Amino acid sequence: MERYTLTSYEQASPGTREVYDEFLRLSGAAEPPIWMTSLGHNPTLIKAYWEKTRGCLLEGELPHVLKEMAVFVVSRINGAEYCSACHAHSALQLDPTLSYHDLVTILDPNSAVPLPPSHRVALQFADKMARDANAVSDAEFQALADAGFSDSEIKELLSVIDLAMMFNCYTSGLRLPLDPQYKALVEA
């Protein structure tokens with residue numbers, strides 16, 4: 001059974017094209033990614049997914065690279081290949097001092113990845129949330145506050161983790177293939 005259909009720019013309705021156009025303008029990409037074209041048949045859904053993505057990843061107070069790393073961490077835990085590759089690609093573009101290996105080992109206690117201590121706390125929080133959100137205690141929230149995150153930034157981090165979980169379910173359930181630029185990263 002075919003789990004998805006991709007809607008090209010040429011096939012898209014005006015509402016879908018509007019989302020594609022905004023994505024292309026903000027990202028500088030040459031074409032919409034596969035996750036987006038898999039939603040292109042439904043202007044309401046693609047708009048909802050895009051607005052959540054834009055609001056969680058491209059807007060807010062937290063550094064963009066930290067958000068991309070958090071999505072990568074959550075996606076790796078969930079075995080979501082598409083999201084892991086996509087957000088590794090984004091994180092590496094935002095911080096060219098990092099390697100893919102750095103991202104994979106970023107939570108290893110012996111990792112030499114140069115991260116601000118607050119970023120490490122946030123990524124450990126993302127790891128714990130992805131594994132079992134019900135097991136996250138007040139102590140983990142306090143650790144974020146102690147690391148300098150405001151209440152608003154903590155809620156933003158939760159929203160980024162939620163976005164990752166949503167996309168992990170969507171892309172894995174449909175078994176979406178990797179976009180060429182993401183595939184090259186994972187095969188390197």
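Good morning. I shall begin with helix α5, which contributes the most to the lining of the largest pocket, with eight residues. Please bear in mind that the model before you is predicted.

The pocket itself holds about 670 Å³ of space. Its lining comprises 31 residues, and those nearest the centre are Phe 23, Ser 27, Cys 86, Ser 90 and Tyr 182. Besides α5, which spans residues 81–94, at least two lining residues each come from α1 (14–27), α3, α4 (64–77), α9 and α10 (180–187).

For α3, residues 43–58, and α9, residues 151–174, the angle is about 145° and the axes lie 9 Å apart. The crossing of α3 past α9 is left-handed. On the α3 side, the contact is made by Tyr 49, Lys 52, Thr 53, Cys 56 and Leu 57. On the α9 side, the contributors are Ser 159, Val 160, Asp 162, Leu 163, Met 166, Phe 167 and Tyr 170. Taken together, the residues of this α3–α9 contact comprise eight nonpolar, two polar and two charged.

Let me now turn to the protein as a whole. Its secondary structure consists of 10 helices and zero strands. The radius of gyration is 17 Å, close to the 16 Å that the globule rule gives for 188 residues, so the protein is as compact as a globular protein of that length. Along the principal axes, the C-alpha atoms fill a box of roughly 50 × 35 × 35 Å.

Thank you for your attention.

Conventions: Residues numbered from 1 in each chain as written. Predicted model: local features only at pLDDT ≥ 70, side-chain atom pairs only at ≥ 80, totals over all residues. Heavy atoms only, no water. Axes fitted to C-alpha atoms, helices over the stretch in contact; angles between N-to-C directions. Helix = DSSP H or I, 4+ residues; strand = E, 2+ residues; numbered from the N terminus. Left-handed = near helix turned anticlockwise from the far one by under 90°. Contact = heavy atoms within 4.5 Å. Nonpolar A, V, L, I, M, F, W, Y, C, P; charged D, E, K, R; others polar. 1 Å grid on protein atoms, 1.4 Å probe; cavity = no way out; pocket = protein on both sides within 12 Å on 5 of 7 lines; lining within 4 Å. Points joined across faces, edges and corners; volume = space filled by probe spheres on them. Rg over C-alpha atoms; globule rule 2.2 N^0.38 Å.
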